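Hi everyone, thanks for making time for this. I'd like to walk you through a few surface features, so let's bring the structure up on the screen.

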Amino acid sequence: MLGIGSLLSLAQPAVAALTQYGAGLTALVSAAAPAVGVLGAIPGLIAAAGTAAIATKVAFGGFGEALKQTLKAQQQAASGAKQTKAQQVALAQSLNGLSTSARKSVTTVASLSGAWRRMRQSVQERFFSQVADEIKPLSGSVLPLLKDSLGDTAGQMGNLAKRGAQFMQTGPFRRDFKKIAATNSTAVGHMTDGLANLGHASLDFLVASGPFVERISGGVERFTQYARASVQAGRETGSLAKFLDHAGDKAAQLGRSTWDLVKGLGGVGKAAQDSGNALFDGFEGTMTRFKRWANSAKGQTSMKQFFSDAAPTFHELNRLVGDFFRGLGRAAKDNGVTDLIRQIRTELMPALGTFFDSIGHSIGPALISLVSNLATAIGNLSAAGSGLGVLLAAFNGLLHVFNSIMGVVPGANTALAALLGTMLALKAVSAISTALRGFGTSVAGATRSATSLGNVMRGTLSPGTIGPQATLWQRMGLAYRGQPPKVVVSPARCAVSVPRTGLPLALSVA
């Protein structure tokens, strides 16, 4: 009981410690929560990326048209055809709209048209040389199938379009469409106002997040510099290639292991398929019976009664949870738990460490040696198991004979049960009578003891018994008044009255 009380006394400090530790973690998370503001740089980064895309689009404006006109003029010159005045004017206008560097780039790219053409023709030849002879047989085999399937699908879609057109000509559609159009008009107005507000908010946010976006972009640049330097160093030292080779080997090993696992699970599923089918059949039957019972009048009555009985318990459990958490809140306010934890850390834990260290160096080896010797002794005594086995076999045979007799003889079980019950009843009665006799003896002894004590207190002992003739109170009074005690000797009895006061004795013969 003292141990249980000690454990219960530690419950409140433990709850307080855990709650305050959780409060510390909550404060830590709250302090780290502003780091989520890094996401606020995303709109600025998106705006920067959009600006870069727009700048690239503007830079390439007119470049494609000028390149197109230049390539067309080169093709005509290669074929010996002369350009018309309109073509020359279009080429000059497309080039005049570009900067000097852009015109130079157009000329350079156009000069590569021959090499580009030869490369493209080589790639096309390698690809189409494999499928050129298969196109016609493929069309002859697939087109009839497509004709039937696409024809059926087109017929269904045409039927759907027809039904839609007929419905759109009805009055309900026109009435509903007018309502939808009016709602859409209002919604579009709200959306335009919202977009305007969003635009102003985005503008303000982008302006405010400018310094933060610069920090993020600078961090990205430094990270990419570090990644570039690391990859370059790994390439020069060969460590990157070794790492990738090792990663490839482990990936291949993981792939083989995963495939073996999948095949093994497939084998397990194949072996369990028959049992699974039987279980599914049983599950389906059970769910069918459950559906019938749940929708029957008896089932509905039982479930309603169950939920009605469970409602008060549910409310009490809710209140219990609330009281529990309120108790935790009150326990968490215990400021003395700090001193308790400090005491555990500075006093209890070092003592436990010393205790376990001593156990590990002194008691532990001795205990292990003892267990090892006991195991060895049990192993050495295992030869005695043969005799024990014979005894158990004989006992098993006797039990088998007894069970056979009980099964063959009619009424043997009832008679044996009655006999055992009678014996148990007699045993219980004997025990009760013995207890009652002992209780009576104890009462008689207590009565005699009380009588003797009363005689001693009154000073009335029986004749022939040596004892005080004055009562205890009389002797206390004599000692208090300073009168000497007396020793009285009578013919019938001799008694000495000696108080425990250390005074001189006075003898009196009566």
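One term before we start: "partly exposed" here means a relative accessible area between the buried range, under 20%, and the exposed range, over 50%. Keep in mind, too, that this is a predicted model.

With that in hand, take Glu-316: its relative accessible area is 46%, so Glu-316 counts as partly exposed. Which residue does Glu-316 form a salt bridge with? The partner is Arg-319, and the closest N and O atoms are 3.2 Å apart. Arg-319 is exposed, at 53% relative accessible area. Both residues sit in helix H12, which covers residues 297-332, and they are three residues apart, about one turn of the helix.

As a quick reminder, side chains of opposite charge can pair when their charged atoms come close.

How many salt bridges does the structure hold? There are two. Besides the Glu-316 pair, Arg-326 bridges to Asp-323, with 2.2 Å between the closest N and O atoms.

Ile-344, Leu-348, Met-349, Leu-352, Phe-355 and Phe-356 make a nonpolar surface patch of about 550 Å². One of them, Phe-355, belongs to helix H13, residues 337-380. With a relative accessible area of 44%, Phe-355 is partly exposed.

How values were computed: Residues numbered from 1 in each chain as written. Predicted model: local features only at pLDDT ≥ 70, side-chain atom pairs only at ≥ 80, totals over all residues. Heavy atoms only, no water. Patch = residues over 30% accessible without salt bridge, like charges linked within 9 Å, V, L, I, M, F, W, Y side chains within 5 Å. Areas by Shrake-Rupley, 256 points an atom, 1.4 Å probe, with all protein chains shown as cover. Salt bridge = Lys/Arg side-chain N within 4 Å of Asp/Glu carboxyl O. Helix = DSSP H or I, 4+ residues; strand = E, 2+ residues; numbered from the N terminus. Buried < 20%, exposed > 50% of the residue type's maximum accessible area, 1.4 Å probe, protein only.
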